Amino acid sequence: MIEASLIQQAEPFQTGNHLLADYPVAASGYDEMCSMPGELRPHWQALTEILENIGGAELERRHAEVQRLLQTDGVTYNTYDDPQDSQRLWRVDTIPLLMTGEEWTSLAAGMEQRSRLLDALLADLYGPRRAIRQGWLPTELVFGHPGFLPACHQSLPSGRRWLIFHAIDLARGPDGVIRAYGDRAQSPSGAGYTLENRILLARALPMLYRDAPLRRLASFLETERATLASLARYNPETPHVALLTPGPSSPVYFEHAYLANYLSLSLVEGEDLVVRDGRVWLKTLGGLRPVDVILRRVADPLCDPLELRGDSLLGVPGLLQAVRGGHVALANALGSGVVENPGLAAFFPLLCRQLLGEELKLPSLPTWWCGTPQDRQYVLAHLDQLVVRSILPNGPHWEGGRLDGKTRQQLIEQIQSAPHLFVGQESPPLSTAPVLEDGRLTPRPVMLRGFAVAAEDGYRVMPGGLARVSTGLDTLQAALQKGGISKDWWVLAPTPQPHVSLLRQAYGPIVATRDGSDLPSRVADNLFWLGRYSERLDGTARLLREAFGRLLEWEQDNTDERCLDDLLDALKIPVPPVAESARARFFALRQALLAVLAPQSEHPSNVRALFGGMLRTGRAVRNHLGDDSWRLLNRLQHSIQNTPADLGGRQARESLEEYLMLVAAFCGLNYETMPHHQGWLFFDIGRYLERVLRTLDLFKLAFITARHPGLPLWEVVLAITDNLTAYRRRYRSALHPTAIIDLLLFDTDNPRSVGYQLRRLQRDIGRLHRPEKSPYCSAEERLILEAFTALRLADINALATLTHDSTRSSVELTRLLEAIQKPLSGLSEALTHSHFSHAEVPRQLIAMQP
Amino acid sequence: MKYTVTHRTRYRYSSGVALCHNEARLLPRRAPWQLCQDSRVAIEPRPALSAEREDFFGNRVLYFAIQDIHHGLKVEVVTEVHVLANRPFEPSSPSMPWEQALRLLRESPEPEIIEARLFALDSPFVSLAPEFRAYAAPSFWPGRPLLDATIELNRRIYQDFTYDPHFTTVATPLHVVLKERRGVCQDFAHLALACLRGMGLAARYVSGYLETIPPPGQPRLIGADASHAWVAVYLPGMGWAEFDPTNDCMPREQHITLAWGRDYGDVAPLIGVMTGGGSHQLEVSVDVAPQQELQTEL
C-alpha cells in the first residue's frame, strides 16, 4: 500500500500555518510540492502563499462551489456497469499541480517526439511494414494485437498523417523522472475535461487564476481547430467538421458534447452519417450535407460495419472506402489502436532510432514483452515485483506480489500458453501531490495525462493537462469509474499571463441556416421523443399526485374514495380485490400506488423509467438545449435519484409535486429559450401529441368507462388538468359534464383542452420543413386535419345530455373521441416516415461474426 | 488446364433497399501456377461507383455501391483461368522435419519468413485451443517430414469427419465441428488450420473452386459446382504447400484459387451492408467449365 507507507514514514510539517500543517511528506519517494519534510520546492512558494491567505475553510467552501458547478453543468463520467446510476459526477480537486516551465519544455519535447514516432510507426505498419520485415518489431506483437486491422492496410492517401490527436499517460517515479505509462491513439479523451476543469476552477477561484503565471490553454485549442480544418480536401475556407460519438451511452459523452460545442463541430452519431458517391454526408431535415472532416470518438473496429466489425451499429457503412478515396479525413485514422499496445514500449528506443533517426527522449515505464524468451524468463523470475498486463484492449492486469498461489499458477500458465499477449511492467511508487481533504493538504499519488495535436510541422503539446489522484495501476477510465479525483495541471510561465476566456469563441465566418433545416434527422427524432417523455412524465406524475392526494384526504376526512379505482385504471395499475375493511382497502391501495414508485418497478407508470427516457433523449440532443434547461434536467435527475426507496404516501405526494414543478420549468424554459425552429417544433409536437392522447384517454375514462362515474371523478379530471380554478371562475357553478366537455374538449384557448392541443399541433406540423415542395398535404398534415375536423364538426348538443340521457350521449362521445384518436394514433408513424426515416439502421447482407 | 469460371450471386429482397455498400472477392488472384484473363463483371442494378484494389493479403477486392432503390442484386463474374499442371509441392516433394520448420519460423531473419508468422496466430474464425493440437499431435512424430505429417493429418480429417451440408453455418464454432465430426469444406479447412497452428506452424485459408468431373458417360451439369476451400501450410524458405482435407488430396489442376487469408472472414466472396430490404433470398451458382477447344487455339 503506497498510501499507508507514506503516512507511516511521515514527519510533521512545521510551518505553523493550518493549511500546510502536518503535510506528511514521505522520507522516500517524491512529493511534487515538498523536496523534503518542511521544505517547499521553490515553484510552489507563490501558490502556497495565496492558498494560505485563502485558508482551509474558504478553500473547502470553494471546493463545494466547484462541485456544485460541475453538477449543474452536468459534467459526468458514465459507467457502463451501473445502469441505475449510470452517470457519475466528475470530481475536481481545487489545488492545482504545478510544473516549472523548464521541466515542461523538456517533457514536451519528449512527448512531441513520441507523437511523431507513433505516427511514423502507424504509417509503416499499414504500409511497407519495414519494422516487421527488418525485425525491429516482432510479428506476433503487432499481428497478435486486435488493434491491427488488415482492412486499414494502405487506407490513407500518401502524405496524410495517421495520428492527429495523441494522449499520453505519465507519472513521476521516486527518482524524479517522468515516464510514459501508455498511449491513447484511437480517440484520445480528456482534453475536454481539462478545459472544463480549468474554466470552472477559474470561476470558483478567481484570486488564484487571475493573472497567474501559468501557461494558458487557448492556443493549443486554436491549433486543434486549425488542424482539423486543414485536413479538409474540399471547402478549405469553411470545412464541415463533425465529431462522431458513440452517443449518450459513452462514458465520455459529456466531453464529446462539450468539445463539439467549443470547437463548433456538428455532434453526430453513426446513423446520422451516410456514404454516397464516395463521400460522407450528414442526414439533415433539409437533405444531405457533405462532411469534410470527422473527429471520431468511436473505437476503430466499430467505425465501418462493411469492412470492420459487421455487427457495429455505431459506425458508417463504407466509411473506410470513403477514406481511401481521400474524400473525407478522419482524426485519428482508422487502425491507430494498434499503437496503444503496451508491449510496444519495450521496442521504442530501437524504433525511434530506426524510424526517426533520433534517440528516444521520453522514457517509458520499464516493460518486458513476454513474447521474447529472455523477457518472458525475466518476468516469470521477477513476478513478485512486477505488474503483469494483458496487451489486449482494456485487458486485465495483475500485481505479481499480491497473487495467491493458485491465481499465480494460473497466470503463469496463461503467460506460457500465449506469451505474446502479456507484458511485465515495473510499478514504481508514484509521486505525490497535495490534495485538499478536510481543509488541509494531504499528499496523494498522482498521474498525468498530456495531450499533443498535429500541427504543420510536427506536434504541439498542451501546456498542462489532466492530473488525477491515482493508485497508478488503473487506466484513466478505470480510475474515474471508481470515482477518482482530477486536478488541474499548471505549467508555470515566467510572467503572469492574462486570463483569456476560453468560453465560446466563434471561429471563422458563421454559416448557418436560420430555419434549422440542417438539423440531423436523429436529433429531430430525439427532440420529438424528449417532448413525448416530458409530457408522459408530467401526465403520470399528475395522476399519481392526485391519487395520493385522494388517498390522504380519505384517511383524514373520510371523503368519497371510490374514484381511486378509476385513477388506478388511468394509471394502468391493477385495482386491488375488494377488501374486508376500509383500513385494509387503504393499505392495499397505498401499497399498489407506492409499488409503482419503487426504483426497481417495471411498471409503465414508473416515474424513474419515464425520466430515464427523458434523460436518454435529452442527452442525445445535449447541444440543442439551453444551459439552463440542461441544469433543470440535472436537478430533476438529482431529485428523482435522491427520493428514498421507502416512501410514505405524504412524502410521495411531495416528491411528485417537486418533479412536476421541475418538468414544467424544463418545458417552459425550452419554450422561452430554444429558437422556435425545426428542432423546437419537433419537441413541441412530441409534447402536444402525447398530451392530446392522454387527455382523450382521461375523457374516455371519466365519461364512458368509469367504474364510479359522477361528481368526484369529474373533479379529479379537472384537478389533474389543473382546470378546477378555471372552471369555477368561468361557470361559477357545480360541476356539470357539458361544461367540463366545453372547457376540456372544445375551448381552443385552454392549453389543457383537446381543441387547443389539436390547433397547436396543426400549426406546428404546417411549419415543418418539407424536402420537396408539393401542392398536396403531407401524411401528417392530413392526419391532424382529420382529427381537428372531427372535433370541429362535432355536435355539442348531442353531448349535452350526458347526465339524463347517458346512453345516447355516451355513444356520441365515444364516436367523437374515436374519430379524433384514430388519425392521431397514426401521426407518430407518419412523422417518423417523413422526417426521421433516413435514420434507418443499415445491416449486413450476411452475418459475418465468427 | 483452362477453365471458364462463372460465379453468379443473386439476392432478392422483400422490400426495397435504398443503399448498399459491398465488397466482392470474386476476382481470382494471380499466382505462379495460375494465369487469369481479365474478368467480366456484371452487376445489376448498375453500381453508382466501383473500385478495385488489392487487400492486405494481396487478394483482388471489388468495392461497389448501389444508391438507387432496388429489390434485388445480381453479381456475375466470368473469368478465364489457366491452372498450370504443377504446384510448388506434390505429395512426393522432399520437405524438412516439422520441428525444423518450426525453428526456422521462429528464428529466421528472412522478411518473408518473419511475415509468414502472422499465419501461425489465432484468427477470428480459428481460435486456438489445446484440443486441436491434441487431435493433430499423433501425425507429428519427432523428425517426421512436414509434408508427410500434413498429408496424414489431411487424410485423418477426411476419414474422421462426415461431409454434411446441413449441420453447420458460418457461425458454428470449431470445437463443435471437432466434437460432432461433421461439417463442410470451410469447417474442415478451419479445423486443419487450428491443428497446424496448434502445432506452431503457419497455415492459411484458401478459397476457390473445384472442377467437378461428371461420372463417365454423363454430361457435365452447368452450375452444379460450388465454392470450395482448402488450406496451405508454410515451409520456411521453400513456400506454401496446399492441402484439401475435404477431398484428401493436394490441390492440382482442378483447384482454382480465388483468394487467401487467415480464415474465411478475410476472403468471404461477397459481403455487404444495406439499408432496408426486409428479408432476402439468396441464390448462388458456380460453373467451372473446361475449355478444350480454346486450349488448342492458344
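Domain bounds here come from an automatic or database domain assignment. In this predicted model, that assignment divides out two domains in chain A: domain 1 covers 366-427 and domain 2 covers 524-839. Their C-alpha centres are 60 Å apart. The points below concern helix 17 (residues 563-570) of chain A and its pairing with helix 16 (residues 521-557) of chain A.

**Packing of helix 16 and helix 17**
- The axes of helix 16 of chain A and helix 17 of chain A approach within 10 Å, with a crossing angle of roughly 160 degrees.
- Angles over 145 degrees count as roughly antiparallel, and the two helices of chain A are therefore roughly antiparallel to each other.
- The crossing of helix 16 of chain A past helix 17 of chain A is left-handed.

**Residues in the contact**
- Helix 16 of chain A contributes Leu543(A), Glu546(A), Ala547(A), Arg550(A) and Leu551(A), which meet Cys563(A), Leu564(A), Leu567(A) and Ala570(A) of helix 17 of chain A.
- By class, the residues of this contact are seven nonpolar, two charged and no polar.

**Burial of helix 17**
- Helix 17 of chain A is mostly covered, with six of its eight residues buried.
- The buried residues are Cys563(A), Leu564(A), Asp566(A), Leu567(A), Leu568(A) and Ala570(A).
- Among the elements covering them are helix 16, helix 18 (582-597), helix 22 (678-705) and helix 23 (711-720) of chain A.

**After helix 17**
- Lys572(A) follows helix 17 of chain A and has a positive phi, near 60 degrees.

Terms used. Residues are numbered from 1 along each chain as its sequence is written. Chains are lettered from A and ligands numbered from 1 in the order in which they are written. This is a predicted model: local features need pLDDT of at least 70, side-chain atom pairs count only at pLDDT 80 or more; totals for chains, interfaces and linings use all residues. Axes are lines fitted to C-alpha atoms, for helices over the stretch in contact, and angles run from 0 to 180 degrees between N-to-C directions. Helices (H or I, at least four residues) and strands (E, at least two) are DSSP runs, numbered from the N terminus. Angles under 35 degrees count as roughly parallel, over 145 as roughly antiparallel, 65 to 115 as roughly perpendicular and the rest as oblique. A crossing is left-handed if the near helix is turned anticlockwise from the far one by less than a right angle, and right-handed if clockwise. Two residues are in contact if their C-beta atoms, placed from the backbone, lie within 7 Å. Ala, Val, Leu, Ile, Met, Phe, Trp, Tyr, Cys and Pro count as nonpolar, Asp, Glu, Lys and Arg as charged, and the others, Gly among them, as polar. A residue is buried if 20 or more other C-beta atoms lie within 10 Å of its own, exposed if 12 or fewer, and partly exposed in between; C-beta atoms are placed from the backbone.
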